[in-house]
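These are my notebook entries on one chain. I set down what I looked up, entry by entry, with the criteria beside each term.

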Amino acid sequence: MENYMEGRQRQIQEYKEILEPLMAYKAWFEKNSGKAGSRTYQGQGIGKNSVAFPVYDPTLINFIKEAETTALMNRNYSYVYTRHRIRSHDDERKVIAAAELRDWDVLCGILSKYVLGGRTRPTLWSEAVEENIFALVLGRMRSIIEFWDKSGDRGTQF
C-alpha cells in the first residue's frame with residue numbers, strides 16, 4: 001500500500017512539473033474565450049484572387065509550441081475520441097468536467113487534438129480558444145493535481 005501511495009505521489013509530481021509552464025497561458029485563454037485566436041490577414045495588395053490566411057495571436061503560438069513538446073501530447077488522440085464517443089464541443093466539455101485522475105489520458109487526448117491537429121488544420125487552434133477547450137483542460141488538470149498532491153506544498157499555486 002505504501003509503494004502504491006509513493007508511486008501515485010511521484011506520478012502527481014511529474015504531472016505537476018509538466019503542467020506548470022502551461023498554466024501561465026490559462027488566464028489568457030479564459031480572457032479570450034468566445035473570441036477567435038486569429039484574424040485574417042488584410043495586407044496591402046491582396047486582390048480578390050488571392051488566398052487569405054490566418055494570423056495567430058503570439059500568445060497562442062507560444063502555447064502551441066510549448067505544449068507540443070510536453071509528455072501531455074498523444075499522437076493517437078483520435079482513438080480517445082472514438083473510445084469515449086466524443087463528437088462535439090459539448091461532449092468534450094462534459095468529459096473534461098467529469099475527468100478524474102484515471103482519465104488523465106482523456107484530457108491529454110483532447111488537448112492533443114487541438115495542439116497536434118492544428119498543425120494540419122490550423123482552424124482547430126482558434127476553435128479551442130473560442131470554445132474555451134484549452135482553458136477547461138488546463139483548469140481540470142490543475143484541479144486534479146491539487147486534489148491528489150499530498151506533498152505538503154499546497155500553498156504554492158502553479
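**Entry 1: contacts and surface.** I looked up contacts in the chain between residues at least 6 apart in sequence, and 73% of them join residues at least 24 apart; contact means heavy atoms within 4.5 Å. The model is a predicted one, in which local features need pLDDT of at least 70 and side-chain atom pairs count only at pLDDT 80 or more, while totals for chains, interfaces and linings use all residues. Residues are numbered from 1 along each chain as its sequence is written, and side-chain values use heavy atoms, with hydrogens and water left out. I then noted that 40% of the 158 residues of the chain count as buried (buried is under 20% relative accessible area, exposed is over 50%, partly exposed lies in between; 1.4 Å probe, protein chains only).

**Entry 2: secondary structure.** I found eight helices and two strands in the chain. From the N terminus on, I read the order of elements as α-α-β-β-α-α-α-α-α-α. Helices (H or I, at least four residues) and strands (E, at least two) are DSSP runs, numbered from the N terminus.

**Entry 3: α6 against α7.** I looked up how helix α6 (residues 104–117) packs with helix α7 (residues 123–130): the angle is about 140° and the axes are 7 Å apart. Axes are lines fitted to C-alpha atoms, for helices over the stretch in contact, and angles run from 0 to 180 degrees between N-to-C directions. α6 and α7 are therefore oblique to each other (under 35 degrees counts as roughly parallel, over 145 as roughly antiparallel, 65 to 115 as roughly perpendicular, and the rest as oblique). On the α6 side I listed K113, Y114, V115 and G117, which meet L124, W125, E127 and A128 in α7. The residues of this contact divide into five nonpolar, one polar and two charged; Ala, Val, Leu, Ile, Met, Phe, Trp, Tyr, Cys and Pro count as nonpolar, Asp, Glu, Lys and Arg as charged, and the others, Gly among them, as polar.

**Entry 4: salt bridges.** My search of the whole structure gave eight salt bridges (a side-chain nitrogen of Lys or Arg within 4 Å of a carboxyl oxygen of Asp or Glu). Side chains of opposite charge can pair when their charged atoms come close.

I noted a network of salt bridges that links D90, R93 and E131. D90 pairs with R93, with the closest N and O atoms 2.9 Å apart. Both lie in helix α5 (residues 89–98), three residues apart, about one turn of the helix. D90, at 49% relative accessibility, counts as partly exposed, and R93, at 27%, also counts as partly exposed.

For E131 and R93 the closest N and O atoms are 2.4 Å apart. E131 is partly exposed at 25%.

I also looked up E100 with R140, a salt bridge whose closest N and O atoms are 3.6 Å apart. Since E100 lies in the loop between α5 and α6 and R140 in helix α8, the pair ties together parts 40 residues apart in sequence. E100 counts as partly exposed, at 33% relative accessibility.

**Entry 5: T70.** I located T70 in the loop between α3 (58–67) and α4 (77–83). Is T70 buried or exposed? T70 counts as buried, at 17% relative accessibility. Leaving aside neighbours within four places in sequence, I found T70 in contact with I18 and L22.
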